[in-house]
Amino acid sequence: MSTKTSASVSSRSGRRLGLGLSVAVFCLAGGALPALAQEKAPQAAQPAEKLPDAKELHAKYIKAIGGEEAIKGLKSRVTTSKLNIPAQNMSAKITSYQSDGKIYVVTEIAQFGNIESGYVDNIAWSKMAMTGPQILEGAEREQLLRESDLQADLEVSKYYTKLETVGAEEVDGKKAYKVEFTPISGETQTRFFDDESGLLVKVEMVQESPQGKIPMTAVMSDYRDVNGVKVPFKTVQKAQGMEIEMVIESAAHNTEIAADKFNLPADVKALADKKKATKEGVKPEGTK
């Protein structure tokens, strides 16, 4: 069942086009009265706010988007989104398929052709006209692995070694708590959870890319229910002086996806086989 709208959401292909934003640091400070006011006792410094436990904030988020049972019930997800980059007068269509620990994303950009990426059978890959097929390793692979897992929010310890609440600040005029997620591989990610709703409203992260590490920010809003689980239908990303807005045009959970949708493209499979053979010290077929 599809939910159609003109809002936005992020995808891996879109994140690679993002831009940077400075971070405001939340703190509380006290002070003392001037020396002239000797008839009054100095005012003690205000105690710092006791921050909520990171795991409690994450649990509140799980409940806010639909609850543990609803998330456990997710078997597949299909989204179609529109991506806009106003500064470059560029737009793209992004279609994402997720099912049983597999993912396939295709981004259609008139100026560059299709950009594809996916994860299946322990192989993370990407492909575009300018670079050809690539097998992803390290942090890029781990990131795509997390995105292929529809229950990843329930399995934090599987992907992260530490969660810590480090402060609070306003996001779109509302108080949000900052929680650092330290992954098993890659850079620490800071997630901002709205104090009132519990929803995830902002993420600060470092994105691995062919150009190196790119700091970026994503602000999520317009959460809507899709078959029992809420999804942010609007995401605005900022990195490297550009702003990207992504809009979900249709979204569906637990819809049937053809098994061959996740098959490796022939050139990606050939590259994966070659890398595997090289690692095992076996000559690929057709070589002498």
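Analyst: A salt bridge is counted when a side-chain nitrogen of Lys or Arg lies within 4 Å of a carboxyl oxygen of Asp or Glu. This is a predicted model, in which local features need pLDDT of at least 70 and side-chain atom pairs count only at pLDDT 80 or more, while totals for chains, interfaces and linings use all residues. Residues are numbered from 1 along each chain as its sequence is written, and side-chain values use heavy atoms, with hydrogens and water left out.

Lys202 pairs with Glu169 in such a bridge, their closest N and O atoms being 3.4 Å apart. This pair links distant parts of the chain, since Lys202 belongs to strand β11 (residues 200-209) and Glu169 to strand β8 (residues 160-171), 33 residues apart; strands are DSSP runs of E, at least two residues long, and helices are runs of H or I with at least four, numbered from the N terminus. Lys202 is buried, with a relative accessible area of 8%, and Glu169 also counts as buried, at 9%, where buried means under 20%, exposed over 50% and partly exposed in between (1.4 Å probe, protein chains only). Both residues belong to a network of salt bridges that also includes Lys178 and Glu204.

Glu68 and Lys72 form another bridge, with closest N and O atoms 3.0 Å apart. Because they are 4 residues apart in helix α3 (residues 68-72), about one helical turn separates them. Glu68 is partly exposed at 42% relative accessibility, and Lys72 is partly exposed at 41%. Across the whole structure, the search finds 14 salt bridges.
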